[in-house]
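Dear colleague,

Please find below the structure that I am handing over to you, together with its sequence. My notes on salt bridges and strand pairing follow it.

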Amino acid sequence: MPAGSLRHRITLQSAIDTQDQTTGEPVRSWSTLAVVWANILPMKGREIMAAANTPLAECDTRIIIRWAPALANLGAKSRAAHLLADGRIDVYYDIVSVTEVQMKRRTLELMCKSGASEG
């Protein structure tokens, strides 16, 4: 994958679910797995319509990153956050599915739903 196509900086996070000791309510916090360069591609209407009868129908964004062993556990309890140049977070993406492209340990394709909540 050409480095020039990886022009967006993202942070990949994994959910940690615990329980509040006082109230007993579930509490979700996020642990950063990695900060990587990515290609963020909004899906076209035709791609979304083609996936309409699959669980991926809610996906509206495709994120391409380089494969790394530390990212093997990305999945439904993970998210990506697009970072601005000053380090602030622009938008969160819930990761719906992760595919290792061509099974060659070079590229991961993250199918995501944009606009995930901060918490």
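**Salt bridges**

R62 and E109 form a salt bridge in which the closest N and O atoms are 3.1 Å apart. By salt bridge I mean a side-chain nitrogen of Lys or Arg within 4 Å of a carboxyl oxygen of Asp or Glu. Because R62 lies in strand β3 (residues 61-66) and E109 in strand β6 (residues 107-114), the pair ties together parts that are 47 residues apart in sequence. Strands here are DSSP runs (E, at least two residues), numbered from the N terminus. R62 counts as buried, at 19% relative accessibility; buried means under 20% relative accessible area, exposed over 50%, and partly exposed in between (1.4 Å probe, protein chains only).

Please note that this is a predicted model, in which local features need pLDDT of at least 70 and side-chain atom pairs count only at pLDDT 80 or more, whereas totals for chains, interfaces and linings use all residues. Residues are numbered from 1 along each chain as its sequence is written, and side-chain values use heavy atoms, with hydrogens and water left out.

A search of the whole structure finds 4 salt bridges. One of them joins D17 to R28, with the closest N and O atoms 2.7 Å apart. This pair links distant parts of the chain, D17 being in strand β1 and R28 in strand β2 (residues 26-42), 11 residues apart. D17 is partly exposed, at 40% relative accessibility, and R28 is partly exposed with a relative accessible area of 40%. D17 and R28 also belong to a network of salt bridges that includes K77.

D86 forms a salt bridge with R88, the closest N and O atoms being 2.7 Å apart. Both D86 and R88 are exposed.

Strand β4 (residues 78-83) is mostly covered, with 6 of its 6 residues buried. S78, A80 and H82 point one way from β4, while R79, A81 and L83 point the other way.

Strand β1 (residues 8-19) pairs with β4 in the antiparallel sense over 6 bridges; two strands count as paired if DSSP finds at least two bridges between them. Within this pairing, S14 has S78 in β4 as its bridge partner.

β4 also pairs with strand β5 (residues 89-100), in the antiparallel sense and over 5 bridges. Here the bridge partner of A80 is Y93 in β5. β4 and β5 form a hairpin with 5 residues between them, and G87 in the turn has a positive phi of about 95 degrees.

With kind regards

Terms used. Helix = DSSP H or I, 4+ residues; strand = E, 2+ residues; numbered from the N terminus.
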